[in-house]
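Here are some notes for a colleague who is opening this structure for the first time. Please read them with the sequence and the 3D view side by side.

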Amino acid sequence: MADPVSQALATRLMTEGGDARIRLDPTSGLNRYFSAPRPSGVLAYASSTANDISPGAFAHVLQQAVLIAPEGDMSGADYARQLERLRSRIRAAYAIASDVDIVFAPSGTDLEYVALACTAGRAPAGTHNVLLGADEVGSGCIYSAFGQYFAESTALGVPTRAGQPVAGLGETHVDMIDVPVRDADGYGRRSAEIADAIRASLGSAAGRHPLIHVVHGSKTGLILPGLGDIDALRAERPTTFVVDACQARITPAAIAAYLDRGAIVFITGSKFMGGPPFSGFALIPPALAAAAQPLAAGFATLFRRAEWPSGWPGAEQLPDDANPGLLLRLEASIFELERFSGLSPAAAERVILAFHAAVRSEIVEPLGIRRVAPYPRGERDEADSHPIEMRTLSTLDLSRLGGGERTFEHAQGWHKALLGRGIRLGQPVKCVRLADEGWGATLRIGLTMWQVADRAALSAPEAEQAFRSDMRAIAAGLRLLAGKGS
């Protein structure tokens, strides 16, 4: 076991090299998502928002931290070597071909800049970016997908402001439209309807190259549009697709299907993967990498050189130093990915279905609530076709919990109050409509890869009992809060 100084250094480093969301409050010792990069005794099913680090991943990070100088210093060359090693591990875990490039970023929000870099110069007027479900992806993506800064500083410590254009990217080169993924009543829209909305948006894209987002596992588990509609859109005009799989609830087969269609795939390490916030990477198909234009000047305020593949045009202008915090966060995430990838499909499915059943039997049924459907109204069969990883997330509709109408604001209060009881769930999402057209109360319960791996080591009855016990504790907390009328 590492000494306390090493533990403190590793924890500190993992809160550096990102934007303000990663910083810990000096009083609570937690970030704004109420997590921290150290093991915690909290009953946490919050993988749809952010995670603490598991004991196993923390031990792994401590081993890696000794490679960094005592004060957290690291050379650009060492950083490049370590990131190249991580690229090899990611390719192995997801069975990705060696000609697929991997770009690292300090958050899923920053990954949007990578997609814009891949479409730069494809059309004379720039890029027409079609974002799906702004409420179902990260809020900062509205800025970064527009080629703008989204926070008061970047991961390089460069002062910025939300909405300020990134030099060479956001001034006139990008326009953006958001296509909602849920209807006015809060139900998921059909894939064909989404595809038609995308087609309609392209009418304003004269002279611009379309960059169309695909949502693979939104904040509430939606996958839109489907592969058939993606293929139809691809056949109609030159288009680039980017898959927002930032929740990491995606299989190697799904990744391969998207890459085969020339789509960029975004994945983050801090959601289902289970690493601490924030880290992410983009998988770039070879044809897009080969046609890439030099990075815009503003990328030197966003990325370090080693985070882009060797030889990427314009990467030589990026700072040639290191981000040890991002490296350690990635180390934790890929450690968990490898553990999960090492499970047999049968073992993973057994654990995930036990979790899914426990949510139903110990929360949904006793509290008389429902799960928000991760599929369009009347299309239950679609959910059955989703990969098993999608059942690691349940969005609870709490709008009728305890009688009366419970609002989104109630859920925000419950989320914080549960923390006082040692329970952390995923933050509420606006996906349930009330009679007055306001938003109803929701909270999300999500597994991580490391929880699946840990429970897979138990017998089936032991895993089932452990999940039932956890869900009963959550139900008791929700029942108490609703009974207080808070």
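This is a predicted model: local features need pLDDT of at least 70, side-chain atom pairs count only at pLDDT 80 or more; totals for chains, interfaces and linings use all residues.

1. Pro225 has its place in the loop between strand 6 (223-224) and helix 7 (227-236).

2. Ala95 has a positive phi of about 55 degrees although it is not a glycine; its place is in the loop between helix 3 (76-94) and strand 2 (101-105), and with a relative accessible area of 67% Ala95 is exposed. Glu437, also not a glycine, has a positive phi near 75 degrees, sits in the loop between strand 12 (423-425) and strand 13, and is exposed with a relative accessible area of 51%, a value that counts as exposed because the cut-off is over 50%.

3. Is Asp19 buried or exposed? Asp19 lies in the loop between helix 1 (4-13) and strand 1 (43-45), and its relative accessible area is 7%, so it falls under the 20% limit and is buried. Its side chain is joined to that of Arg21 by a polar contact of 2.8 Å, and, leaving aside neighbours within four places in sequence, Asp19 is in contact with Ser107, Phe150, Ala151 and Ser153.

4. Ser107, one of the contacts of Asp19, also caps the N-terminal end of helix 4, where a side-chain oxygen of Ser107 lies 3.3 Å from the backbone nitrogen of Thr109. Helix 4 (residues 108-119) is largely enclosed by the rest of the structure, because 12 of its 12 residues are buried; among them are the charged residues Asp110 and Glu112. After helix 4 comes Gly121, whose phi is positive, near 80 degrees.

5. An open sheet of 3 strands has the order 10-11-13, and its pairing is antiparallel. Strand 10 (370-371) and strand 13 stand at the edges with a single partner strand each, so one side of each has no neighbour in the sheet. Strand 11 (residues 393-397) is joined to strand 13 by 5 bridges, and along this pairing Leu396 stands opposite Leu443, while Leu393 stands opposite Gly446.

6. How many residues of strand 13 (residues 442-446) are buried? The count is 5 of 5, and the strand is thus described as mostly covered. In a regular strand the side chains alternate between the two faces of the sheet. Here Thr442, Arg444 and Gly446 point one way and Leu443 and Ile445 the other way, and all are buried.

7. Helix 11 (residues 345-367) and helix 15 (residues 460-483) pack at an angle of about 35 degrees, with 8 Å between their axes, and their crossing is right-handed. The residues that make the contact include Val351, Phe355, Val359 and Ile363 of helix 11, and Phe467, Met471, Ile474 and Leu478 of helix 15. Sorted by class, this contact has 15 nonpolar, no polar and 6 charged residues; Arg350 and Glu362 of helix 11 belong to the contact, as do Glu464, Arg468, Arg472 and Arg479 of helix 15.

Key: Residues are numbered from 1 along each chain as its sequence is written. Side-chain values use heavy atoms; hydrogens and water are left out. Helices (H or I, at least four residues) and strands (E, at least two) are DSSP runs, numbered from the N terminus. Buried means under 20% relative accessible area, exposed over 50%, partly exposed in between (1.4 Å probe, protein chains only). A polar contact is a pair of N or O atoms within 3.5 Å; within protein, one must be able to donate a hydrogen and the other to accept it, and residues adjacent in sequence count only if both atoms are side-chain atoms. Contact means heavy atoms within 4.5 Å. Two strands pair if DSSP finds at least two bridges between them. Axes are lines fitted to C-alpha atoms, for helices over the stretch in contact, and angles run from 0 to 180 degrees between N-to-C directions. A crossing is left-handed if the near helix is turned anticlockwise from the far one by less than a right angle, and right-handed if clockwise.
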